[in-house]
Amino acid sequence: MSVRLAQISDLHLPLWPMRWRKQDYHIKRLAGWLNMRWLFRRDSFALAETVAEALVRDIRQRQPHVVVLCGDVACLGFDEEFALAARLLRPLLETFPGVAVPGNHDYYLDDPACAGSFERHFAPWQCGLRIEQGVYPFALVLENLVLLAVNSAKPMKWPWDVRGEIGTQQLKHLQALLTRSEIRSRPCFLVTHYPLLRSDGRAETYFRRLTDAEALAEVLARHHVLAWLHGHRHHPYVHAPDIHRGFALLCCGSATLRRVWSYFELEWHEHRLQLKRRCYWLATREFVEVSQSELVLTLGP
Ligand SMILES: [Fe+2]
Ligand SMILES: [Fe+2]
């Protein structure tokens with residue numbers, strides 16, 4: 001039996017007007033707001049809400065078995081942004097099982113007022129097996145596949161610091177999850193926001209990297225993980241497994257960034273992953289299939 005997934009990411013839904021409280025005034029939020037309101041992001045995500053509605057219509061028509069949300073639904077990490085995103089994605093949240101992990105824009109600042117907001121609004125996609133009381137990682141066990149949701153986002157203080165981190169506790173819990181019998185007996189796909197590599201195959205620069213990416217990759221290589229699904233990078237790309245790295249890397253790109261408007265439909269069946277890229281077509285205001293490829297994913301030689 002095959003399983004079909006819709007992988008979506010980086011919706012970055014802008015919210016106007018935005019309600020600011022006294023404690024919201026922070027250099028990082030002000031820089032982000034400036035970018036959204038007047039600079040690059042203003043035009044880049046101008047159609048985000050319209051495209052998100054078309055995305056929801058398309059996924060409902062395609063009827064995947066599960067939806068994977070790789071983070072960055074918000075811009076500045078406000079609770080109101082998550083409420084807007086959850087309202088737009090409500091038809092998917094109510095219809096399909098899924099996993100959702102936060103991005104750096106969802107964990108924008110270490111702000112107690114927004115703590116747990118992402119998880120609250122995307123609660124239907126936060127269900128699965130966990131170790132102890134931790135929120136992440138968790139595992140959604142399907143009939144012939146496991147989706148491992150790991151949080152790679154960590155609030156950073158300065159606007160130029162876009163690093164992510166998994167942390168030792170999550171790595172420990174992930175290893176424990178991977179040894180459980182119901183997970184050990186199935187192939188696994190990892191879901192994070194941050195990538196291991198950029199589209200050119202190189203590691204991210206210092207202030208953009210996932211600080212413990214190599215430690216995470218080592219855990220995946222020791223177990224039965226076949227693919228790492230992520231977002232963060234706004235243009236889609238795929239790296240097939242190679243001799244050094246036994247798992248594939250799949251970045252679906254931003255669903256709402258102008259002229260990218262992309263998501264992946266993945267079909268997993270007996271070691272083969274069929275990958276279709278679907279994009280928003282401005283003329284018809286619908287998502288259409290623009291490319292198709294296939295990867296063979298196996299454990300070891
Ligand atoms: Fe993003
Ligand atoms: Fe991001």
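Predicted model: local features only at pLDDT ≥ 70, side-chain atom pairs only at ≥ 80, totals over all residues.

Is Tyr 237 buried, exposed or partly exposed? Tyr 237 has 16 other C-beta atoms within 10 Å, and it is therefore partly exposed; a buried residue would need 20 or more, and an exposed one 12 or fewer.

Tyr 237 lies in strand 9. Apart from residues up to four places away in sequence, Tyr 237 touches Ser 199 and Cys 251. Select Gly 253 as well: it is 16 residues from Tyr 237 along the chain, and the two C-alpha atoms are separated by 7.5 Å.

Strand 9 (237–239) is an edge strand, as is strand 4 (129–130), and each of them pairs on one side only. They belong to an open sheet of 7 strands with mixed pairing, in the order 4-5-6-7-8-10-9. Strands of a sheet pair through backbone hydrogen bonds, either parallel or antiparallel.

Which way do strand 8 and strand 10 run relative to each other, parallel or antiparallel? Select residues 225–230 and 248–251: these two strands run parallel and are joined by 4 bridges. Within this pair, Trp 228 has Leu 249 of strand 10 as its bridge partner.

**The hairpin**

Next, select strand 12 (residues 272–281) together with strand 13, which run antiparallel and are joined by 10 bridges. Arg 277 stands opposite Ser 291 in strand 13. The hairpin formed by these strands has 4 residues between them, and Arg 285 there takes a positive phi near 60 degrees. Colour strand 13 (residues 286–296) by burial: the strand is hardly covered, with 1 buried residue among its 11.

**Helix 4**

Move to helix 4, residues 79–93. Its 15 residues place the end C-alpha atoms only 18 Å apart, whereas a straight helix would reach 21 Å. Where does helix 4 bend? The bend, about 45 degrees, is at Arg 87, and Pro 91 follows within four residues.

Then select the buried residues of helix 4, among them Phe 82, Leu 84, Ala 85, Leu 89 and Leu 92. The elements that cover the buried residues of this helix include helix 3 (48–62), strand 2 (66–69) and helix 5 (117–121).

Select Leu 147 and show its contacts. Leaving aside neighbours within four places in sequence, Leu 147 is in contact with Val 66, Val 68, Val 99, Ala 139, Leu 140, Phe 189 and Val 191.

**The whole chain**

Finally, zoom out to the complete protein chain, whose secondary structure comes to 8 helices and 13 strands. Its C-alpha trace spans about 55 × 45 × 35 Å along the principal axes. The radius of gyration is 18 Å, which agrees with a compact globule, because such a globule of 301 residues would have a value near 19 Å. Of these residues, 43% count as buried. Among contacts between residues at least 6 apart in sequence, 74% join residues at least 24 apart.

Technical notes. Residues numbered from 1 in each chain as written. Chains lettered and ligands numbered in written order. Expected span 1.5 Å × (residues − 1). Bend = angle between axes of the 7 residues up to and from the residue. Contact = placed C-beta atoms within 7 Å. Pairing = 2+ DSSP bridges. Rg over C-alpha atoms; globule rule 2.2 N^0.38 Å.
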